[in-house]
Amino acid sequence: MRFAAVSTHALFAISLLSLAGCGGSGQDTEAASAEKAQTAQTQPAQIREAYLTSRDEGDNVDSVAVWHGADGQHWLLATAKEGDALIVYDAATGEIIRRAGEEGTGLGALDRPNGIAVRDNRAFVVERNNRRVQVFTLPDLQAIGAFGDAVLRWPYGIWLQELDDDRYRVFVTDAYETADEGIPADGQLGERVKRFELRFRESGMDVRAGDSLGATEGAGVLHQVESLYGDPEYNRLLVADESEQDRDIKLYDLQGQFSGEVMGKGRFRFEPEGIALYRCAEGAGYWFTTDQDEQDNRFDVYDRKTLAFIGSFQGAVTRNTDGVALTQRAMPGFPKGAFYAVHDDGNVGAFDLAEVLDALGVTACAAPE
């Protein structure tokens with residue numbers, strides 16, 4: 001079903017722009033600015049989904065990614081943990097195009113697929129139970145190889161850094177547990193993120209397992225991990241830590257060292273989940289993050305460069321979000337692109353990015369080449 005998106009610019013942008021637009025001076029001005037800033041932080045904008053895909057709770061939908069094909073395809077790919085499948089939707093309408101995969105261990109089969117990333121004409125799918133990353137070509141969804149099963153123990157999220165000549169650096173979170181399904185001691189958490197070097201050739205792909213990432217003491221310890229995303233322009237790797245003692249996003253550099261920076265500390269009320277990057281020229285842009293909850297689910301947005309909090313929004317329906325994705329490519333019905341969020345394990349909600357950015361009081365941009 002499809003809804004008309006509702007802008008809340010008048011409600012929300014005033015709070016965000018109070019420092020720039022307030023009249024008066026002295027303590028009165030400062031007090032008004034502080035009050036409006038507090039309102040912006042505690043009252044997320046309410047935005048209706050442009051559409052919701054058809055719902056099947058039995059699939060246990062987890063993560064999403066977007067692919068734009070050379071022949072005009074706009075695809076939204078979702079992993080189904082219980083359905084052991086990839087679900088392909090039309091990204092502009094939400095209609096199902098096809099499903100791929102079946103339960104199993106062979107090439108092309110899936111066993112609890114979680115994280116997904118798309119680069120060029122390939123989809124990289126993390127399978128928790130098969131402890132691997134499997135690679136599919138697009139648009140035919142043919143499996144061409146898998147890697148990681150020798151070192152991954154309980155993998156979840158994935159992000160790829162494009163290098164050169166069909167070469168990638170692949171980062172995968174590994175939420176390995178103790179024998180009694182607890183979080184290991186800090187000293188055993190130095191392998192929370194695994195790195196791989198991957199090169200595609202005509203005859204297949206070459207894979208080399210690299211170093212593992214993860215502090216074993218201090219503020220950079222990664223206790224409970226799933227989602228991650230990188231920003232090579234700032235040499236940053238954002239890793240969400242869902243543990244009750246942390247509830248934040250820790251920033252590492254792409255060489256594997258904790259930077260000392262933490263985003264969202266004290267702001268996440270529930271579990272930090274899906275992360276997406278909105279990129280603009282000259283290093284500008286916004287981080288979209290998820291504060292996952294079954295009732296009060298919301299999406300927090302931060303400045304890409306400074307990591308300062310900008311504002312939040314909620315969907316009319318979307319709750320309990322795991323994975324998110326966004327595209328800045330214009331599509332029918334989405335003139336400035338779209339933001340996608342998994343809704344409560346069963347389907348995906350789509351948001352018009354033009355409406356979201358308007359509600360946040362920030363400027364849309366075209367993604368740099």
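The tour below starts at a pocket, moves on to strands and a sheet, and ends at a disulfide and a glycine.

This is a predicted model, in which local features need pLDDT of at least 70, side-chain atom pairs count only at pLDDT 80 or more, and totals for chains, interfaces and linings use all residues. Residues are numbered from 1 along each chain as its sequence is written, and side-chain values use heavy atoms, with hydrogens and water left out.

**Stop 1: the largest pocket**

Select V66, V118, R119, Y229 and L326: of the 47 residues lining the largest pocket, these lie nearest its centre. The elements that give two or more residues to this lining are β3 (61-68), β7 (113-119), β11 (155-162), β15 (225-231), β19 (271-279) and β23 (324-327). Strands here are DSSP runs of E with at least two residues, and helices are runs of H or I with at least four, numbered from the N terminus. A pocket is an open set of points on a 1 Å grid over the protein atoms alone, where a 1.4 Å probe fits and protein lies on both sides within 12 Å along at least five of seven lines; lining residues have an atom within 4 Å of a point.

The volume of the largest pocket is about 1,400 Å³, meaning the space filled by probe spheres set on the points, which are joined across faces, edges and corners. Colour the lining by class and you will find 22 nonpolar, 12 polar and 13 charged residues. Ala, Val, Leu, Ile, Met, Phe, Trp, Tyr, Cys and Pro count as nonpolar, Asp, Glu, Lys and Arg as charged, and the others, Gly among them, as polar.

**Stop 2: strand β16**

Now select residues 236-241, strand β16, where six of six residues are buried (under 20% relative accessible area with a 1.4 Å probe, protein chains only; exposed is over 50%, partly exposed in between). R236, L238 and A240 cover one side, and L237, V239 and D241 the other; all are buried.

Which way do β15 and β16 run? They are antiparallel, joined by five bridges (strands pair if DSSP finds at least two bridges between them). L228 stands opposite V239 in β16. The hairpin of β15 and β16 has four residues between the strands, and N235 in the turn has a positive phi of about 55°.

Six residues separate β16 and β17 in their hairpin, with R247 in the turn at a positive phi of about 50°.

**Stop 3: an open sheet**

Show β1, β22, β21, β20 and β19 in that order: these five strands form an open sheet with mixed pairing. β1 (45-47) and β19 each have a single partner strand, so one side of each is left without a neighbour in the sheet. Between β19 and β20, seven bridges form an antiparallel pairing, and P272 stands opposite D291 in β20.

**Stop 4: the disulfide**

Select C280 and C365, whose sulfur atoms are 2.0 Å apart in a disulfide (a pair of cysteine sulfur atoms within 2.5 Å). C280 is in the loop between β19 and β20 (285-292) and C365 in the segment after α4 (353-360), so the pair ties together parts 85 residues apart in sequence. The S-S torsion is about -90°, so the disulfide is left-handed. C280 is buried at 7% relative accessibility, while C365 is partly exposed at 22%.

**Last stop: G83**

Finally, select G83 in the loop between β4 (74-80) and β5 (85-90). G83 and P113 are 30 residues apart in sequence, with their C-alpha atoms 8.9 Å apart.
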